[in-house]
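I am opening my notebook on a structure that is new to me, and I want to record what I look up as I go.

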Amino acid sequence: MAKLVAFGEIMLRLSPPGRELLLQTPRFDVWVAGAEANVASGLARLGHDVGMASVVPDNDLGRAAIAGLRANGVDCSGVKFGGDRMGLYFVTSGAGMRATDVVYDRAGSSFAEAPADAWDWDRLLAGADRLHLSGITPALGPGPASAAIAAAEAATARGVPVSFDGNYRARLWERWDSDPRAVLTKLVRHADIMFGNHRDIALLLGRDFGGDGEDRRLASAEAAFAAFPKLQMIASTARHVEDADRHRLSARIDGRDDHAQTKEVLLAGIVDRIGAGDAFAVGVLHALRRGGDIAEAARTGLAVTALKHSLPGDASLFRQPDIDAYLAGGLDVRR
């Protein structure tokens, strides 16, 4: 199987233990993180040949991040050393009616400061059969935005399909004189698979979509397919939050000629919801790379994202037997 290449910032996530507030006690749990890195780790754990393209500082933090990805089976030969600092972010887990909160500390990071022409796409995409990007990279500033667009253009020029996860982060876009719609539109024009819902499409097209549930998703998908001729598939989840511990979740994939919609599942006793969207992308791409149709991709995407809610940290670390057990409804002890 040819290699999937993920391009984006590798970060470290710091969280207070349990459900404490930030610095309630002077301790943090630390995980390797980053949207694209999460997808790379999740797919590698499922047996896929995955490489990461990024840059980290040449210090203990950067080397630890690389070691963490390599431990999950990710090829890090495309990760360079450079710059002075590691991108960080802090997550305070929600509880009851208190929502989870995120604080970014990634301005001036090695990845954010890397010039757009720093990437040798002839080398990085050699032998690749897919490039995976997200909307977080261009939100970091004009340099990363140009780099993401250059990556998508390089993939298209070499006949490498592009998958794109919207991952809209208002707090990041607001930090610089940005035009999210213009930048994201340039990226989606190169994608054959998009991870995003009607809100992402509304941002891209500058219009709202009325109605509820499936009708709204279908209308937004049809509009996106009309606007982006290369786009073949849109995958999304719908989440209804009852409290921090109980969410209801379903998945949907729209193709140009058909669609697949899963039933809603109840997620109770949630451990950590951060990274669930990346886990959904892992499940969908995993199923498609194994030759599954969109119905199987929707079921597998929902399975992996549901499992991710049971795991602390950002990345999905599950194997195929875990997915099989979930889909079979097996909750008894496996011995």
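**Cores, a helix and one asparagine**

I began with the largest nonpolar core of this predicted model, which has 55 residues, and I noted that Phe7, Trp119, Trp121, Leu131 and Leu133 are the members that touch the most others. Helix H6, residues 142-157, gives this core its largest share, 8 residues. I then found that another core lies apart from it, with 50 residues, including Val56, Cys76, Leu285 and Ala287. As a general remark, I wrote down that nonpolar side chains tend to be buried together in soluble globular proteins.

Next I looked up tryptophan 121, and, leaving out residues up to four places away in sequence, I listed Phe7, Ala126, Leu131, Ala150, Ala151, Ala154 and Arg158 as the residues that it touches.

I turned to helix H10, residues 213-227, whose 15 residues reach 22 Å from the first C-alpha to the last, close to the 21 Å expected at 1.5 Å a residue. Its buried residues are Arg217, Ser220, Ala221, Ala223, Ala224 and Phe225, and among the elements that cover them I noted helix H9 (198-205) and the strands S11 (233-243) and S12 (246-255).

Last, I asked where asparagine 72 is found, and I located it in the loop between helix H2 (60-71) and strand S5 (75-81). Because its relative accessible area is 15%, which is under 20%, asparagine 72 counts as buried. Its side chain makes a polar contact with the side chain of serine 41, at 3.2 Å. Setting aside neighbours within four places in sequence, I recorded that asparagine 72 is in contact with Ser41, Ala44, Arg45 and Leu317.

Technical notes
Residues numbered from 1 in each chain as written. Predicted model: local features only at pLDDT ≥ 70, side-chain atom pairs only at ≥ 80, totals over all residues. Heavy atoms only, no water. Helix = DSSP H or I, 4+ residues; strand = E, 2+ residues; numbered from the N terminus. Buried < 20%, exposed > 50% of the residue type's maximum accessible area, 1.4 Å probe, protein only. Polar contact = N/O pair within 3.5 Å; in protein donor to acceptor, adjacent residues only side chain to side chain. Contact = heavy atoms within 4.5 Å. Core = buried A, V, L, I, M, F, W, Y, C linked by side-chain atoms within 4.5 Å. Expected span 1.5 Å × (residues − 1).
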